[in-house]
Amino acid sequence: MRIDYSETEGRMAECPEGCGMCCLCQPEILDSEIPFFRKNHPQSVCRTKGPDGYTAIKLKKGRGSCVFLNSDRRCEVYDHRTTYCRQFPYHIYVSDRVQVELDLSCRGLWTGKGIEARVEAEEIVKRAGPRIRDALPEASEVYRQFRQYAAEAGVMKDPEYLRGTVEETLYRFTEQEFLCKVLEASSELPNMTIADAMKPGKSDLRELNAAAREAALESLSTDDPLSMPVYCSEDFSWNLFSADGGKIEWLTLDDEGEFKHRGYVNAMDISLPELTDEGRDVLADYLRILNRRDSFMGSVFFNEDANGYEDDLANAYYGSMASAALDVMWRAALLDHFFGTGFGKDGMREAVMFYDMDRLDAPAIGAFI
């Protein structure tokens, strides 16, 4: 069984006191864990809605943190917390191999303190071994079928070639002009190449701002509190953003599951920023991580399948990478409006933290274990 731990290399992981960000994620209760919670905490167990519903721990008022998070932001059942609670911020993604990815929305991965992430990841994978072995054959078959369908449709490209071309031009993906050309080429050309986005000529950056704004509003437009993007700020406040029409509302979520209105901004007043050199470095480093993530590639595969294999895989991949860069940049501008975070190293780090949990929630054809 091949396991890729490369994303964990060189990182430390700790659990910052008073954060509680992970406790906003409703944890599934595995079959082996259900008897304990049914016996000892029956009132805290629920079934999630939807066709793929599962047994989970309730959230305060159905939208806040886990019911076991007390007023000091400590877990009241820590010794019996669920497997998924124990795994956070590690994500085990299964395709035709196994890869450990990190949820970079966790502040404990940015402090440089704690234990070695690689060591902890290995222990988590060891404990998850039976579930991984059960999922691997099915996920591998789904990947095989995808490649077959894409080849038959004439849209398949070598994923490692696509990753290699992005790696070679990574810093260009932090430039607005280049991103605009990538999106233009991916929508207009039948089989784009990176070279197509590097041809001389000016692009309309107003259209780029409009496209970024439209994508952001789509991700913020939801009536479901559990689907609202969450940003855990440096003071560990839980901040949510919701769009209604062209207006974005900033809310905070308190420890009892109550929302508090904090402000509004017209989406037209948020524009893509010019990053400092240090800000571009942070964004480029993050895009390098996305470029190596199997779940990112799996998400592109998912969209390709959902769209009926109409787009060349190169168009889909380069377009998705450009869209991710734009999303992070636009979120940096939104955070700067409300928090004054700026567009340097610290500001872009905050934007990545704001974005990555949503990125990992994107549907993919593989499986998160």
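Which residue takes a positive phi in the hairpin of β9 and β10? Gly245 does, with a phi near 70°, and the hairpin has two residues between the strands.

## Basis of the model

This is a predicted model, in which local features need pLDDT of at least 70 and side-chain atom pairs count only at pLDDT 80 or more, while totals for chains, interfaces and linings use all residues. Residues are numbered from 1 along each chain as its sequence is written, and side-chain values use heavy atoms, with hydrogens and water left out.

Helices (H or I, at least four residues) and strands (E, at least two) are DSSP runs, numbered from the N terminus. Two strands pair if DSSP finds at least two bridges between them. Strand β9 covers residues 238–244, and six of its seven residues are buried; buried means under 20% relative accessible area, exposed over 50%, and partly exposed in between (1.4 Å probe, protein chains only).

On one hand, β9 is joined to strand β8 (residues 230–232) by three bridges, and the two run antiparallel. Val230 stands opposite Leu240 in β9. The hairpin of β8 and β9 has five residues between the strands, and Phe236 there takes a positive phi near 65°. On the other hand, β9 is joined to strand β10 (residues 247–253) by seven bridges, again antiparallel. In this pairing Ala243 stands opposite Ile248 in β10.

The pairing of β1 with strand β6 (residues 98–102) is parallel and has two bridges. Asp4 stands opposite Gln99 in β6.

## Cysteines

In general, a disulfide is a covalent bond between the sulfur atoms of two cysteines. Here a disulfide is taken as a pair of cysteine sulfur atoms within 2.5 Å, and the structure holds zero of them. Cys46 is in no disulfide, and the nearest cysteine sulfur, that of Cys66, is 10.0 Å away. Cys232 is also in no disulfide; for this residue the nearest cysteine sulfur is that of Cys19, 3.8 Å away. Cys232 is buried, with a relative accessible area of 4%.

## The cavity

A cavity is a set of points, on a 1 Å grid over the protein atoms alone, where a 1.4 Å probe fits but cannot get out; lining residues have an atom within 4 Å of a point. Grid points are joined across faces, edges and corners, and a volume is the space filled by probe spheres set on the points. By this rule there is one cavity of 30 Å³ or more, and the largest cavity holds about 30 Å³ of space.

The lining of the largest cavity consists of Ala216, Ser219, Leu220, Asp327, Trp330, Arg331, Leu334 and Phe354. The elements that give two or more residues to this lining are α7 (205–220) and α10 (313–339). The most comes from α10, with four residues. By type, the lining residues divide into five nonpolar, one polar and two charged. Ala, Val, Leu, Ile, Met, Phe, Trp, Tyr, Cys and Pro count as nonpolar, Asp, Glu, Lys and Arg as charged, and the others, Gly among them, as polar.

## Ser299

Ser299 lies in helix α9 (residues 294–306) and is buried, with a relative accessible area of 5%. Leaving aside neighbours within four places in sequence, Ser299 is in contact (heavy atoms within 4.5 Å) with Arg359, Ala362, Pro363 and Ala364.

Key. 1 Å grid on protein atoms, 1.4 Å probe; cavity = no way out; pocket = protein on both sides within 12 Å on 5 of 7 lines; lining within 4 Å.
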